[in-house]
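Thanks for coming, everyone. Have a look at it while I get going.

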Amino acid sequence: MCGIVGYVGTKDAVPIVMEGLRRLEYRGYDSAGVAVAVDGHLELRRAEGKLGNLDRVIAERPASGTLGIGHTRWATHGRPSETNAHPHLDCDGVTAVIHNGIVENYRELKDDLIARKHRFGSETDTEVIVHLVEEELRAGRDLAEAARRALRRIEGAAAVVLVSASDPKTIVAARISNAGGVIVGYGDGENFVASDMPALLEHTRTFSFLDHGEMVVVRPDLVRFMDLDGKEIVKAKTTVAFDVVSAAKGGYKHFMLKEIFEQPRAISDALLARVDRRTSRVIFDEDVKMTEADARAVTRISIVACGTSYHAGIAGKYLIERLAGIPTDVELASEYRYREPAIVPGQVTLALTQSGETVDTLAAMEEAQRRGARLVWIGNVVGSQASRMAADVIYLHAGPEIAVAASKTYTATVVCLLLYALFLAQRRGKIDEATSRGILAGAFHLPTLVDGALQSSEQVRTLAYRYYAARDFLHLGRGVNYATALEGALKLKELSYAHAEGTAGGEMKHGTNALIDENLPVIAIAPRDGVYRKMLSNIEEVRARAGIVIAVATAGDAEIRDKADEVITIPACHELVSPVVAIVPLQLFAYHVADRRGCDVDQPRNLAKTVTVE
Ligand code: G6P
């Protein structure tokens, strides 16, 4: 899940590559490096740690040229260090590689290359690629052909970019398997490659996307695609609307805070133009191919996802079963792919992945498709691999999310799940117009409700500063807000490194109660809904054991004030949209605890935004 940028044209590549890397730093940030072609050789600059360290190295030893590649790393093989940072060079320092993914057979390849007297400078799996290419170049092949032949020997998953000082006007990039996207950006007399669009939005909005088993030769005035058998292919160009401005911090201290505050907008964009206000019917655009007959034929929905998207899936199961009456299960994609999943005729596999590139989710999709399921994807990134695999695509339209921990893509995913549940319910004749109208009124009110929940930011900050030093936290929720409990706990773990656990209220008596004492803050999500009374009982149980109760409750709820130590209010809302509102104070709480603890909020240690390794 590393960030990749490459440039070939007439300008100095180094600032362009560095700026692109800065926009991708969320993908990996334990080391970084650039290679630039200068007078027949490659200049390499690398540094351990964040990109600022590489900036300093470049300032001390400047290099410039019109062909350059760069990489920010998230270590898999080989600890984070300068020597393990990409790019990696061949024995003669003529050819360089950057890579995202894992070369599974690198041990055999490396032993073989060492036996043939290749000298290795790093502990990485990546370096074998450049030595394999070196052998092909020595045999007189050009860079594209050398790369193609070398890459055919790689097992595993990889996005690879290669340059050689022997051909200083060419970048070769390839995608093997689903790990790591490769995009090509088109300029005028210059072209780009990258792992993600935000790296290039300053320069272009027109892109092509490599699929599994494809490669591309990029020159200033020419872009040529082929498969790994060497057969030329034609790729479509896509123009996107994301702009650079929305990818900048916009006055907020962190991207995380900016993105939390962008939720009203993201939610209204997710809803926009998807409902016929007259009939209250959900109408998706042409990316959703599912007809009424298809919807009626669905027998089961199996949701696959990871991390925050998995939590959205838990809310999704609740929404789909309640509205559309279709049996729905939710599974961690990383578990799904390693068993023998049973697929029934008429099954839909609904993949939730905001990036559309999480390798475990893509593998689960592949497996489900192979076994005959129809693939539906809900996610954010236009042109991602998931968007190209699925039969039906529902975009979040949330705009780029830069902070590693998800916020606006979570709420937008839950909103899209609500729309999809209504869509199915309506096509299957499971819901009448008045009920649809009531639920949609709740949904259309969401931007205002979330805005209302954001008003608690200062109060939440005060609470966060009061409890920031606690070692453990417990998040309790029931019904559709069980998802909120899980997601609230994950946010706190990711951002602040505090231990937090999300539990269904009814499960406390089966174990979690043993944890409660006077040091444990328990965040109880208790809006006025169908399980409100049950949540009150859970709060009593915590109080009886001297735990500290921080309740998230509906505004105006006087009863809960007697029972909880602290109360954060959210506006009253329809039960089915409540997870979208109730998560907001928990995102803010996690943010402020982390900020108070001095954590790196946008780039938490050991994490990365897009996980393209297993
Ligand atoms: C990473 C991120 C999480 C995210 C998960 C799934 O682990 O750090 O914030 O929830 O990937 O991402 P996806 O793009 O598949 O939704």
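Predicted model: local features only at pLDDT ≥ 70, side-chain atom pairs only at ≥ 80, totals over all residues.

So, how close do the axes of helix H9 and helix H13 come, and at what angle do they cross? They come within 9 Å and cross at roughly 25 degrees, with H9 covering residues 307-324 and H13 covering residues 408-427.

Residues are numbered from 1 along each chain as its sequence is written, and side-chain values use heavy atoms, with hydrogens and water left out.

Helices (H or I, at least four residues) and strands (E, at least two) are DSSP runs, numbered from the N terminus. Axes are lines fitted to C-alpha atoms, for helices over the stretch in contact, and angles run from 0 to 180 degrees between N-to-C directions.

Back to our pair. With that angle, H9 is roughly parallel to H13 (under 35 degrees counts as roughly parallel, over 145 as roughly antiparallel, 65 to 115 as roughly perpendicular and the rest as oblique).

Who touches whom here? On the H9 side you have, among others, Thr308, His311, Leu319, Ile320 and Leu323, and they meet an H13 set including Tyr410, Val414, Leu417, Leu418 and Leu422. Contact, by the way, is heavy atoms within 4.5 Å. By class, the contact of H9 with H13 has 14 nonpolar, 5 polar and no charged residues. For those classes, Ala, Val, Leu, Ile, Met, Phe, Trp, Tyr, Cys and Pro count as nonpolar, Asp, Glu, Lys and Arg as charged, and the others, Gly among them, as polar.

H9 has another partner, H17. H9 and H17 pack at about 165 degrees, axes 8 Å apart, so H9 is roughly antiparallel to H17. This crossing is left-handed. Gly307, Thr308, His311, Ile314 and Ala315 of H9 make the contact with Tyr482, Ala483, Leu486, Glu487, Leu490 and Lys491 of H17. That contact of H9 with H17 splits into 6 nonpolar, 3 polar and 2 charged residues.

Now to another pair: helix H7 (residues 263-271) and helix H15 (residues 446-454) have axes 8 Å apart and an angle of about 165 degrees. That makes H7 roughly antiparallel to H15, and the crossing of H7 and H15 is right-handed. H7 brings Gln263, Pro264, Ile267 and Ser268, and H15 brings Leu446, Pro447, Val450, Asp451 and Leu454. Sorted by class, the H7 with H15 contact gives 6 nonpolar, 2 polar and 1 charged.

On to single residues. Where does valine 480 sit? Look in the loop between strand E23 (472-477) and helix H17 (482-496). Valine 480 counts as buried because its relative accessibility is 3% (buried is under 20% relative accessible area, exposed over 50%, partly exposed in between, with a 1.4 Å probe and protein chains only). Leaving aside neighbours within four places in sequence, valine 480 contacts Ala315, Tyr318, Glu575, Ser578 and Pro579.

Glutamine 347 is in strand E20 (residues 347-352), and with a relative accessible area of 2% it is buried. Setting aside neighbours within four places in sequence, the contacts of glutamine 347 are Thr299, Arg300, Ser302, Tyr336, Ala342, Ala373 and Arg374.

The peptide bond from histidine 86 to proline 87 is cis, with omega near 0 degrees; proline 87 is in the loop between strand E4 (67-73) and strand E5 (88-89). Serine 280 isn't a glycine, yet has a positive phi of about 60 degrees, and at 4% relative accessibility serine 280 counts as buried. Tyrosine 497, also not a glycine, has a positive phi of about 65 degrees and lies in the loop between H17 and strand E24 (499-504). At 26% relative accessibility, tyrosine 497 counts as partly exposed.

Last, how many disulfides does the structure hold? The count is 0, a disulfide being a pair of cysteine sulfur atoms within 2.5 Å. Cysteine 91 is buried at 16% relative accessibility, and cysteine 599 is buried at 12%.

Key. Left-handed = near helix turned anticlockwise from the far one by under 90°.
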